[in-house]
Amino acid sequence: MFDTHQTTSGAVTIRDLSKSFHLDGAPLTVLRHLDLDIPAGQSLAIVGASGSGKTTLLRILAGLEEPDSGDVLIDDFPVRGLGRDRSVIFQEPRLIPWLNVLRNVAFGLEVQGVARTEAETRARRYLRLVGLTEFESALPRQLSGGMAQRVGIARALTVQPEILLLDEPLGALDAMTKLAMQKELSRIWAEERVTMVLVTHDLEEAIFLADRVMVLPREKGGTPKLMDIDLTRPRDRSDREFVRVRQQLMSEFGLH
Amino acid sequence: MTYDILTPAERAGAQSAAPASRWRQRAQGLLADYGLVLGFFAGWQIASMAGWLNPAVFPAPDRVVAALWNGLSSGALVDDIVISLQRAGIAFLAAVALGIPLGLLMGQMRPLERALDPILQLFRQTSALALYPVFILIFGLGEGSKVFVIFWATLFPILLATIGGVKEVDLKLVEMAHSFGASQLTIFRRVILPASVPPIFVGLRLSATTALLLLIAAEMIGANKGVGFQVMNAQYNFQIPLMFAAIFLLATLGLAANWVLVQLQRRLCSWSLDPR
Ligand SMILES: Nc1ncnc2c1ncn2[C@@H]1O[C@H](COP(=O)(O)OP(=O)(O)OP(=O)(O)O)[C@@H](O)[C@H]1O
Ligand SMILES: [Mg+2]
């Protein structure tokens with residue numbers, strides 16, 4: 001299983017993107033003239049200090065936030081606002097507490113106008129993919145944190161996006177669950193052939209999952225650095241190459 | 001008024017046990033929950049029989065029960081119950097019919113809420129009983145003013161609970177729905193409305209209690225029928241057991257209304273009820 005991950009749609013192009021906020025009247029530039037290309041089917045990890053603008057960038061890609069200037073293009077078409085070609089996985093699972101697992105997974109399709117039975121049939125497929133078939137009639141409060149996050153992932157996949165946007169999806173999980181979920185994400189990404197943009201605080205997670213890592217600089221609005229991860233998949237954390245890449249990444253970005 | 005979602009009996013019923021000891025546990029549970037109430041009535045009965053209580057003020061419970069039975073079997077009290085339920089029921093339903101839609105609207109529209117809030121606060125802080133004479137001037141001393149004063153008092157808990165419920169909906173859920181491309185109407189139908197049901201029920205239960213309170217007050221002034229009227233009337237005529245019977249009926253009405261709402265609540269929003 002090498003990089004045979006070729007898809008035709010879901011390429012993201014970011015051109016000259018800028019975004020600032022106002023904090024107590026003073027402007028705060030978060031992203032300045034950012035350019036970035038993500039080929040279709042690639043997985044890109046975004047790391048960087050807290051407050052460096054990772055979530056902001058992801059929200060702009062999702063269409064939940066408007067940039068001040070610049071363009072986001074998907075497959076060479078400029079996009080504004082939300083689109084069915086993208087779905088977001090937030091840091092919290094954001095499950096609807098009164099719907100059972102199956103209906104939560106079907107929720108995205110249902111609000112897009114797909115009939116309930118059809119939506120549930122398609123939802124079951126993704127429930128199987130995240131390994132929660134037996135829990136389809138459980139309520140969200142009966143799930144563990146990792147299970148809930150898996151339901152959120154299934155819900156995002158059910159609408160069959162070309163681009164999956166993840167904002168620290170595993171940040172709230174314990175170490176063991178996190179490792180298992182990273183494997184799962186890697187498998188899902190390979191199976192579903194989506195473009196993946198993953199915001200994370202965890203360098204190892206970035207190396208484990210991504211084709212490329214982007215580090216947003218500490219000083220706001222500076223130029224981000226990019227590094228290719230040329231490791232074969234599936235990746236092994238204890239592998240000598242893995243450790244070497246990790247060290248390289250850390251020193252190259254002045255992280256130690 | 002208690003904000004407790006489950007009554008003690010429900011909580012006791014929720015505990016499961018082995019079949020053998022279930023009955024014993026249940027009896028113990030009932031005793032723990034209602035023992036004090038039973039003890040109170042038993043003490044009252046004993047004190048009456050021993051002659052420690054003045055029967056002109058506190059008749060023995062058995063005499064109250066007898067008066068209640070007489071009133072019910074002769075149909076006299078039944079008429080009172082029907083008319084009282086009618087008054088409170090119409091007023092309560094009208095308050096629900098206006099309060100919930102208006103609250104849903106106000107919770108979502110900041111400008112509307114800002115415009116209406118000061119006058120709402122003013123009305124809310126003015127006791128409905130203080131306004132009763134005004135309502136009598138407007139609607140006369142008949143049914144109109146009675147129903148209206150109950151409606152007035154029950155409207156505010158429902159309205160405010162609904163507004164609060166809508167405003168407290170988890171914005172993260174709203175954003176999640178939005179991110180899937182849900183329309184405003186879909187977000188309202190699929191997220192905001194269901195999420196507001198539990199807080200609306202808090203308002204409904206508060207309103208039901210208020211409705212009975214105002215019912216009694218309204219029936220004590222210028223009525224010739226109704227359970228509240230019977231309390232006053234029996235007292236005038238020194239029918240003290242009947243007076244207590246009517247008081248007992250009022251308490252029962254309150255409990256019954258709460259029970260109905262609890263059942264409805266369990267149907268509509270069980271997800272918010274049972275603890276994890
Ligand atoms: N809605 C907003 N209004 C004002 N300032 C904002 C807003 N959203 C983000 N910011 C500011 O933009 C900066 C970047 O925020 P962002 O959430 O993108 O950081 P992040 O890299 O995701 O951080 P973390 O790793 O802590 O999640 C922060 O300084 C934050 O204060
Ligand atoms: Mg963030």
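Predicted model: local features only at pLDDT ≥ 70, side-chain atom pairs only at ≥ 80, totals over all residues.
**Entry 1: the ligand 1 site**

I started with the surroundings of ligand 1 and listed 14 residues there. The closest are S50(A), G51(A), K54(A), T55(A) and T56(A). Sorted by class, the shell holds four nonpolar, seven polar and three charged residues.

Which elements of chain A supply at least two residues each to this shell? I found β2 (26–38) and α1 (54–62). Of the contributors, α1(A) gives the most, with three residues.

The side chain of T56(A) has an N or O atom 2.5 Å from an oxygen of ligand 1. For H201(A), a side-chain N or O atom sits 3.0 Å from a ligand oxygen. G53(A) takes part through its backbone, with an N or O atom 3.0 Å from an oxygen of ligand 1. I then checked the ligand's surface: taken alone, ligand 1 exposes 630 Å², and the protein buries 67% of that.

**Entry 2: chain B as a whole**

I turned to chain B and counted its secondary structure: eleven helices and zero strands. The C-alpha trace spans about 75 × 65 × 30 Å along its principal axes. Of its 276 residues, 41% count as buried.

**Entry 3: UniProt annotations on chain B**

The UniProt record, an unreviewed entry, marks "transmembrane region" over several stretches of chain B, including 31–53 and 119–141. I compared those two with the model. Residues 31–53 of chain B are 83% helix and 0% strand, with end C-alpha atoms 26 Å apart. Residues 119–141 of chain B are also 83% helix and 0% strand, and there the end C-alpha atoms are 27 Å apart.

The unreviewed entry also lists "domain: ABC transmembrane type-1" for residues 81–261 of chain B. In the model that range is 88% helix and 0% strand, and its end C-alpha atoms are 19 Å apart.

**Entry 4: a closer look at T126(B)**

Where does T126(B) lie? I found it in the loop between α5 (110–125) and α6 (128–139) of chain B. A polar atom of the T126(B) side chain is 2.7 Å from the backbone oxygen of L122(B). A153(B) is 27 residues away from T126(B) along the chain, yet their C-alpha atoms are separated by 9.8 Å.

Why does T126(B) count as partly exposed? Its relative accessible area is 30%, and the partly exposed class runs between the buried cut-off of under 20% and the exposed cut-off of over 50%.

**Entry 5: backbone details in chain A**

I finished with backbone angles. The peptide bond from R233(A) to P234(A) is cis, with omega near -5°. P234(A) belongs to the loop between β10 (225–228) and α7 (240–252) of chain A.

D76(A) has phi near 70° and lies in the loop between β4 (69–74) and β5 (77–78). With a relative accessible area of 64%, D76(A) is exposed. R193(A) has phi near 50° and sits in the loop between α5 (175–192) and β8 (195–199) of chain A. I noted R193(A) as partly exposed, at 38% relative accessibility.

Note on methods. Residues numbered from 1 in each chain as written. Chains lettered and ligands numbered in written order. Heavy atoms only, no water. Near = heavy atom within 4 Å. Polar contact = N/O pair within 3.5 Å; in protein donor to acceptor, adjacent residues only side chain to side chain. Areas by Shrake-Rupley, 256 points an atom, 1.4 Å probe, with all protein chains shown as cover. Helix = DSSP H or I, 4+ residues; strand = E, 2+ residues; numbered from the N terminus. Nonpolar A, V, L, I, M, F, W, Y, C, P; charged D, E, K, R; others polar. UniProt positions renumbered as here; feature names shortened; annotations may be inferred. Buried < 20%, exposed > 50% of the residue type's maximum accessible area, 1.4 Å probe, protein only.
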